[in-house]
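Subject: Structure for your review

Dear colleague,

Please find below the structure that I am handing over to you. The findings follow it, and I would ask you to read them with the structure open.

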Amino acid sequence: MPKQVDHEERRREIAAAVLRLVATRGVEAASLRAVAGEAGVSMGAVQHYFTTRDEMLRFALAHGNTLLAERGARLLAERKPATPHEAFRLLCILLLPLDEDSRTAARLWAGLISRACVDEPTRKLAALAYVNLTDFVVRQLSDAVPDMDAAQEARHLVSVIEGLRWPVLFGVYTEQQAMGIVDAQLDLIF
């Protein structure tokens, strides 16, 4: 009897291989051949699931966004923040490159952001990720502090996080310095 293949699971496995390559060696390293080797499958298998490299990279970006959301949900469930201030601080910790998982995510995001500058479908996907993050923060702030301009505060907070991501990743700011800036922004909100 032939082995049943879960096609979505196989696509996610290939996407995970893309994410590992991009995070460690950059977008340019994610050739179909390199991805096949990293995933432990044939090049034909990769081509079966993704007709082009661009399609594969976009799927990997979407998969990375899903993994980030799942990690955030786990972090909130594990730590059970008592106040909205604590919940938003956890969100900032998740998005800043303060541990190996988030540093890997930041390197991946940097690689794909650079691709988004020259590839329209990737740009749209990256823009959607920012819109979704900002909308999520707006909803959470609206619930936590009803009498504020949640959209404006969400844009500020997302901009602070994004502005801190690269100096933290490159070692310009320490974790303590970055969290001091985050805490100051959260103090303004709460």
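**Salt bridges**

Arg71 and Asp99 form a salt bridge in which the closest N and O atoms are 2.5 Å apart. Arg71 belongs to helix α4 (residues 53-79), whereas Asp99 sits in the loop between α5 (84-95) and α6 (100-116), so this pair ties together parts that are 28 residues apart in sequence. Please bear in mind that the model is predicted. Asp99 is partly exposed, its relative accessible area being 31%. Together with Asp101, Arg71 and Asp99 are linked in a network of salt bridges.

In the whole structure, 13 salt bridges were found. Among them is the pair Glu100 and Arg107, whose side chains meet at 3.2 Å, N to O. Glu100 is partly exposed at 44% relative accessibility, and Arg107 is partly exposed at 29%.

A further salt bridge joins Arg11 to Glu8, with 3.6 Å between the closest N and O atoms. These two residues are three residues apart in helix α1, which means that about one helical turn separates them. Arg11 is buried, with a relative accessible area of 16%, while Glu8 is partly exposed at 41%.

**Two helices in contact**

How do the axes of helix α1 (residues 7-25) and helix α2 (residues 32-39) cross, and at what angle? They come within 9 Å and cross at roughly 110°; the two helices are therefore roughly perpendicular to each other. The contact residues comprise seven nonpolar, no polar and three charged. In α1 they include Ile14 and Leu21, and in α2 they include Val35 and Glu38.

Yours sincerely,
A colleague

Notes:
Residues are numbered from 1 along each chain as its sequence is written. This is a predicted model: local features need pLDDT of at least 70, side-chain atom pairs count only at pLDDT 80 or more; totals for chains, interfaces and linings use all residues. Side-chain values use heavy atoms; hydrogens and water are left out. Axes are lines fitted to C-alpha atoms, for helices over the stretch in contact, and angles run from 0 to 180 degrees between N-to-C directions. Helices (H or I, at least four residues) and strands (E, at least two) are DSSP runs, numbered from the N terminus. Angles under 35 degrees count as roughly parallel, over 145 as roughly antiparallel, 65 to 115 as roughly perpendicular and the rest as oblique. Contact means heavy atoms within 4.5 Å. Ala, Val, Leu, Ile, Met, Phe, Trp, Tyr, Cys and Pro count as nonpolar, Asp, Glu, Lys and Arg as charged, and the others, Gly among them, as polar. A salt bridge is a side-chain nitrogen of Lys or Arg within 4 Å of a carboxyl oxygen of Asp or Glu. Buried means under 20% relative accessible area, exposed over 50%, partly exposed in between (1.4 Å probe, protein chains only).
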